Amino acid sequence: MKKLKPEEDAFGQEIWACYKGEEASEVVERDDGYFNASLGPRLYFLEYEDWNPIERKAMEFVKRRILDIGCGAGRHSLYLQNKGFDVLGIDSSPLAIKVCKLRGLKKARVMPIEELNFKPDSFDTLIMMGSNFGLFGSFEKARRLLKKLHKMTSRNGLIIASTRDTYKTDIADHLEYHKRNREKGRMAGQLRVRIRFRKCVGRWFDYLIVSKKEMEEILKGTGWKIREIIDSGNSAYIAVIQKTQ
Ligand SMILES: C[S@@+](CC[C@H](N)C(=O)[O-])C[C@H]1O[C@@H](n2cnc3c(N)ncnc32)[C@H](O)[C@@H]1O
């Protein structure tokens, strides 16, 4: 994966603007023309007290050496670092990593999930927060990466990953998109999206949102299984994933 140029680093640009105290929202454009604007970057700076309760609950499962995949502005990494954990935050966005460092994260590195490169048994817990199970991208890519994550983690390693149940929606545009995806042989919640911020337009990428059943299917044969689901009562949930062997 080629390093992101500043004009392609839309996630980073919005995080940087927010860090400087400027007005910043996040626009996600889907490849069927559907746009969604959110508070995005502001949410990436929330303090522990203001997180979704399921994220606070998820932090109770973390152990020892932690890798925060797609760490954004570093809210989870910084919280865990302050609790005394050994944390490394990685993100494909150079600007996001710059912000993490400026905010005091001691270990932060530009590294896309596609290029994870760590020795066996380097981490005890991998966290993928803010719907970052999505970074697995597709059924096949998820399985490939999960096998790699298996090697990088200790015997009792965990993945704590947040996502949204694709099917908990009645928005016609989304239901139509699911159908279109299935017709193309893609998973219903395999969203082809790009981030826009001001004049900056990010690259297209696949972001995967899955039901619990689909997550179980993805995990089969990768050496991982769901240990526990932390449910929000709406579409968002966090899976605590452990090793099968
Ligand atoms: C939705 S934000 C979540 C940020 C953070 N985990 C949180 O919950 O506040 C997604 C983050 O993943 C990063 N990202 C996107 N694609 C990535 C990739 N291929 N590898 C690593 N990080 C990626 C983005 O730059 C962004 O910081």
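Predicted model: local features only at pLDDT ≥ 70, side-chain atom pairs only at ≥ 80, totals over all residues.
Apart from neighbours within four places in sequence, Phe205 is in contact with Phe11, Leu191, Arg192, Val193, Arg194 and Ile195. Phe205 is 16 residues away from Gly221 in sequence, and the C-alpha atoms of the two lie 25 Å apart in space.

## Helix H1 and its packing on H4

Helix H1 spans residues 10–19, and because seven of its ten residues are buried, H1 is largely enclosed by the rest of the structure. The buried residues of H1 are Ala10, Gly12, Glu14, Ile15, Trp16, Ala17 and Cys18, and they pack against strand E1 (26–30), H4, strand E8 (190–197) and strand E9 (200–201). Just after H1, Gly21 adopts a positive phi of about 85°.

Two packed helices are described by the angle between their axes and the distance between the axes. For H1 and helix H4 (residues 94–102), the axes come within 7 Å and cross at roughly 30°; since angles under 35 degrees count as roughly parallel, H1 is roughly parallel to H4. On the H1 side of this contact are Gly12, Gln13, Ile15, Trp16 and Tyr19, which meet Leu95, Ala96, Lys98, Val99 and Leu102 of H4. Sorted by class, the residues in the contact of H1 with H4 comprise seven nonpolar, two polar and one charged.

## The nonpolar cores

The largest nonpolar core contains 30 residues, of which Leu67, Leu116, Phe136, Leu149 and Ile159 touch the most other members. At least two residues of this core come from each of strand E3 (65–69), strand E4 (86–91), strand E6 (123–128), helix H5 (139–152), strand E7 (153–164), helix H7 (212–219) and strand E12 (236–243). Helix H5 provides the largest share of this core, namely five residues.

Ile159, leaving aside its neighbours within four places in sequence, is in contact with Leu126, Met128, Leu146, Leu149, Trp224, Ala239, Val240 and Ile241.

## The buried side of helix H7

Within H7, the residues Glu214, Met215, Ile218 and Leu219 are buried. Because these residues cover an arc of only 135° around the axis, they are placed on the same side of H7. Among the elements that cover the buried residues of H7 are H5, E7, strand E10 (205–208), strand E11 (224–231) and E12. Just after H7, Gly221 has a positive phi of about 80°.

## Positive phi outside glycine

Arg64 is not a glycine, yet its phi is positive, at about 35°. Arg64 belongs to the loop between helix H2 (53–58) and E3, and with 55% relative accessibility Arg64 counts as exposed.

Asp121, also a residue other than glycine, has a positive phi near 60°. The loop that holds Asp121 runs between strand E5 (108–110) and E6, and at 42% relative accessibility Asp121 counts as partly exposed.

Methods: Residues numbered from 1 in each chain as written. Heavy atoms only, no water. Axes fitted to C-alpha atoms, helices over the stretch in contact; angles between N-to-C directions. Helix = DSSP H or I, 4+ residues; strand = E, 2+ residues; numbered from the N terminus. Parallel < 35°, antiparallel > 145°, perpendicular 65-115°, else oblique. Contact = heavy atoms within 4.5 Å. Nonpolar A, V, L, I, M, F, W, Y, C, P; charged D, E, K, R; others polar. Core = buried A, V, L, I, M, F, W, Y, C linked by side-chain atoms within 4.5 Å. Buried < 20%, exposed > 50% of the residue type's maximum accessible area, 1.4 Å probe, protein only. Arc of directions from axis to C-beta.
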